[in-house]
Amino acid sequence: METLRFLLHRARGKRPGRRSYSIYRNVEGPGGEGAAGLELKVTDGEEDEDMAALVTPSPRNRTKALTYLVLSALLVFTVAFLLGYVALRGSCPSCAGLRGDLLAVVSDEGTVEELPAPGPPLYWADLKEMFQKYLREESIERTIRWVSEGPHPPGSPRMDALTHRLLESFTSYRLDRAWTDTHYVGLQYPDRQNPNFLHLLDTQGGILEKLPLEDPEMYCPYSAPGNATGGLVYANYGRQEDFDALRQLGVNPQGHLVIVRVGQISYAEKVANAESAQARGVLIYPDPWDIPQDPRKLGLSQNRAVYGHVHMGTGDPYTPGFPSFNHTQFPPVLSSGLPSIPAHPISASTAARLLSKLTGLAAPRNWKGRLAEVPYHLGPGDSGTRVHLQVNNIKTSTMISNIFGCLEGRFEPDHYVIVGAQRDSLGPGAAGSGVGTALLLELARTFSTMVRNGFQLRRTLLFASWDAGDFGSIGSTEWLEGYLTMLHLKAVAYISLDNAVLGDDKFYAKTSPVLVSLIESVLKQVDSPNRSSQSLYEQVTFPDRPGTVMQPLSMDSSAYTFITFAGVPGVEFSFTEDGRLYPFLNTQDDTYENLNALLFGRLPAVARSVAEVVGQLLIKLTHDHLVPLDFACYGDALVQQITPFNLYSSELKSRGLTLQWMYSARGDYIRAAEKLRQEIYSSDERNERLNRMYNVRIMRVEFYFLSPYVSVTETPFRHILHGRGAHTLQALLEHLRLLREAPGRFNEALFRRQLALVTWTLQGAANALSGEVWDIDNNF
């Protein structure tokens, strides 16, 4: 500034008056150890003759002064501009590291550790390389081994030890937080003093044979206790279409027990369908057609049964819709999904002895399995063969513990990306819980290491280990029920690690539509575990079979509850064998040795591929400025689901009904999605306020499709596209079909109510996506 003032005087042809000049110079400290301070020297203007000569005005000097003035002004402007730019960049997420050297953390010992100054910004390629660098395949293998050493059901000593070990692991990884969440739930176990049994009876009710039920620990949790006696009917997989086929063939399951095969649908759906057909009980067996049982190859023993719960729902069935905290005093109530008939798993050998005694009509050709010397008749026939099933399972109040760890985000810490895995297993559970737990721990360790080496999470990454998964995703559901009012505002997405490795030929993603495009982009960047020249996407997709990778979620997945109950986008990944099921899932043979042998010793490598897919997905979801969810995809999904309604326009018109308002709501959603896309495209990516506003609207798209008109305690799966109940689009279409198939059963008043509630749920989704109330543009 003094230089600039001097030049201004000189440009005016004026000589500065007498003045003093202050000169600063460094002064070394004692011993010459650097500058200890500054020394001030004052010099009077008269003492310097050279200075007097310098300030003599002349035309030449005046021209030079003007030149210096212009250059100095440019220099000041440039410096000020650069300083302002740097200050502005400090608020940009990609440049947030400029303030990193001001941060400090307090260690567990109470000492303050300064964080290292961050390096240059990390881009997508850098983050991918960093993740692959720190991911350890050997750690995954080691964890699968010790998790699956033996059965570890909820409440057992082995489970308690596993819980403590996982909590210690989260703590040792230096996550920001690690904690447990405890619930007291009602679980069902066999009565060891009064075991279940199955008898073959003669026409007089006498016992012909006591059929073996093999391992007493293999049972169907939440089967109705009691006995069932009657003839036996073969019902294929127990699907609704199978029972419809029996009715068309003149075979009535009413008053009899049904025997069904493992596969196609869940145990709970099989039992629910049998109960709807008024059967008295259900026996479920693994057929060699579905589950390999060749003794010359790696397969399930014919004397092994496959367990599975039969609650048509998720969570604790004794507190439906409510969290099972110990301090809550809810009135006693049972889930409507609990069956009223007994059910039990049996082995293939026991099933063969039963099926060989059936007479009556021959089963359809595509119903016939591969049990040796079994003709596959439908029964019950006139042989007089009857069976007696006795189930003595008892309810036990059990404390379960979910384990959590988190890495907090820097810019949106209140938005959570959740990754979780089941921890319990009624068997050894190598595939059922071992792989998922191993992946969860390794992802937590890897991301914690990345954060300590410069990766900045924009959103919080939450790791969850669920208890009581074998009983119907109880741990995850109870957590959602307990914190639903906040999670639907904070949860961005959920990734399930359950059943991640059941083979290595096919790769499936059971997912919400909003994650499909993101998953496809990630699969194209992960190498195939068994084809080195291909990406995983190239391995599992075929031109003649488009869309085979993405599948809808089933109720058996913990991700299903996140989507349909909480309105949080979810996905579950799974490697499977081509054309057959993993033979040991949910059995006592689900060991590390069997799973690794099935993959020819490549289990760790396949598990690593899943970790890379999930890891890259987590990086995208936690790092990108805008949440990478395809909110516009539901426009296409709605078109696909609503198109079949057009077939019934004439029947509706004859009754004075119209679907026009539902079509209009669909159009409003599509327009709102396009409007939001245009807004985002034209916005400034560095505007944090806009980013957060857009993210809130994007991450709640799934929640918008939960029907607000049904009770969460009575109809928990409220999603109108993926849920279950009379409020869904599928239920509306099935009711509409009655106009042609059974006009007498069509209830116009009920249909009008269903149509109104579906329409207004769709319209509400469109309005919410539009943003503010004054931005809503519809024709209602």
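Is E408 buried, partly exposed or exposed? E408 counts as partly exposed because its relative accessibility is 36%; buried means under 20% relative accessible area, exposed over 50%, and partly exposed in between (1.4 Å probe, protein chains only). The structure is a predicted model, in which local features need pLDDT of at least 70 and side-chain atom pairs count only at pLDDT 80 or more, while totals for chains, interfaces and linings use all residues. Residues are numbered from 1 along each chain as its sequence is written, and side-chain values use heavy atoms, with hydrogens and water left out.

E408 has a charged partner. A salt bridge here is a side-chain nitrogen of Lys or Arg within 4 Å of a carboxyl oxygen of Asp or Glu. Side chains of opposite charge can pair when their charged atoms come close. R177 and E408 form such a bridge, with 1.7 Å between the closest N and O atoms. The two lie 231 residues apart in the chain: R177 belongs to strand β5 (residues 177-189), and E408 to the loop between β14 (394-407) and β15 (412-422). Helices (H or I, at least four residues) and strands (E, at least two) are DSSP runs, numbered from the N terminus. R177 is also partly exposed, because its relative accessibility is 46%.

In the whole structure, a search finds 26 salt bridges. Another one joins R459 and E412, at 3.4 Å from N to O. R459 sits in strand β16 (residues 459-466) and E412 in strand β15, 47 residues apart. Both of these residues are buried. E688 in turn forms a salt bridge with R458, where the closest N and O atoms are 2.5 Å apart. E688 lies in helix α21 (residues 688-699), and R458 in the loop between α10 (430-452) and β16, 230 residues away. R458 is buried because its relative accessible area is 3%, whereas E688, at 25% relative accessibility, is partly exposed. E412, R458, R459 and E688 are linked in a network of salt bridges.

Now turn to strand β11 (residues 281-285), where five of five residues are buried. In a regular strand the side chains alternate between the two faces of the sheet. In β11, G281, L283 and Y285 are on one side, V282 and I284 are on the other, and all are buried.

Which strands pair with β11? Strand β10 (residues 257-261) pairs with β11 in the parallel sense over five bridges, and two strands count as paired if DSSP finds at least two bridges between them. Strand β12 (residues 343-345) also pairs with β11 in the parallel sense, over three bridges. V282 stands opposite A343 in β12, and V282 is also the bridge partner of V258.
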